[in-house]
Amino acid sequence: EAGYDIEVEETGKTFAENAILKAEAIYKLSGKPVISDDSGLEIDALNGEPGVYSARYAGENATNEEKYNKVLKLLEHVEDNKRSARFKSVICYIDESGEKHLFEGCCEGSIAKSPKGNNGFGYDPIFLVGEKSFAEISQEEKNKISHRGKAIDEFVKYLKQEEN
């Protein structure tokens, strides 16, 4: 949004590493404070996959439906009590002096047997928090409990401390 149109290759092995790569690339161009994030879905039965590869797990140009259908296929014989998962988000803030600050948010849940709901994007239709998928709850509800919402809350707390 600062007017730079670049694609940063996400070569990190963690969400934090990728968030830093993105923030550093823009900071080097602008010399101004930068905020970036990286996030994704970790599924315990898949040893943490898709993880940092969430966006391209089913292929570089896969649709949201293709992404979540790949997960459902991989989990089709996995029992309900072994379908635990979480969305994670890491925000990287590089301040005016170039110092990096990381803020993490996590939302625990599980993977449904089939997609539910029409809201959201990505893996939202198969990610359950309680009985509802992320695609069944309102944006307002999602912002209160989501990984990104929690990471943003941590970032806002930091900014408020810096003001004082």
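Colleague: Where does D95 sit?

Modeller: D95 is in the loop between strand 2 (84-94) and strand 3. Strands here are DSSP runs of E with at least two residues, and helices are runs of H or I with at least four, both numbered from the N terminus. This is a predicted model, where local features need pLDDT of at least 70 and side-chain atom pairs count only at pLDDT 80 or more, while totals for chains, interfaces and linings use all residues. Residues are numbered from 1 along each chain as its sequence is written, and side-chain values use heavy atoms, with hydrogens and water left out.

Colleague: Is D95 buried or exposed?

Modeller: D95 is buried. Buried means under 20% relative accessible area, exposed means over 50%, and partly exposed is in between (1.4 Å probe, protein chains only).

Colleague: What polar contacts does the D95 side chain make, then?

Modeller: The D95 side chain has one with the side chain of S97 at 2.7 Å and another with the side chain of H101 at 3.0 Å. A polar contact is a pair of N or O atoms within 3.5 Å; within protein, one must be able to donate a hydrogen and the other to accept it, and residues adjacent in sequence count only if both atoms are side-chain atoms.

Colleague: And which residues does D95 touch?

Modeller: Leaving aside residues up to four places away in sequence, D95 touches Y27, P33 and H101. Contact means heavy atoms within 4.5 Å.

Colleague: Changing topic: how many salt bridges are there in the whole structure?

Modeller: The search finds 14. There is also a network of salt bridges linking E42, D44, R86, K88 and E108.

Colleague: Which residue does K116 pair with?

Modeller: K116 forms a salt bridge with E136, with the closest N and O atoms 3.9 Å apart. The pair links distant parts of the chain, 20 residues apart: K116 is in the loop between strand 3 (100-111) and strand 4 (127-129), and E136 is in the loop between strand 5 (132-133) and helix 3 (139-145).

Colleague: What about E154, which helix is that in?

Modeller: E154 and K157 both lie in helix 4 (residues 147-163), 3 residues apart, about one turn of the helix. The two form a salt bridge at 3.2 Å.

Conventions
A salt bridge is a side-chain nitrogen of Lys or Arg within 4 Å of a carboxyl oxygen of Asp or Glu. Lys and Arg count as positive and Asp and Glu as negative; His and the chain ends are not counted.
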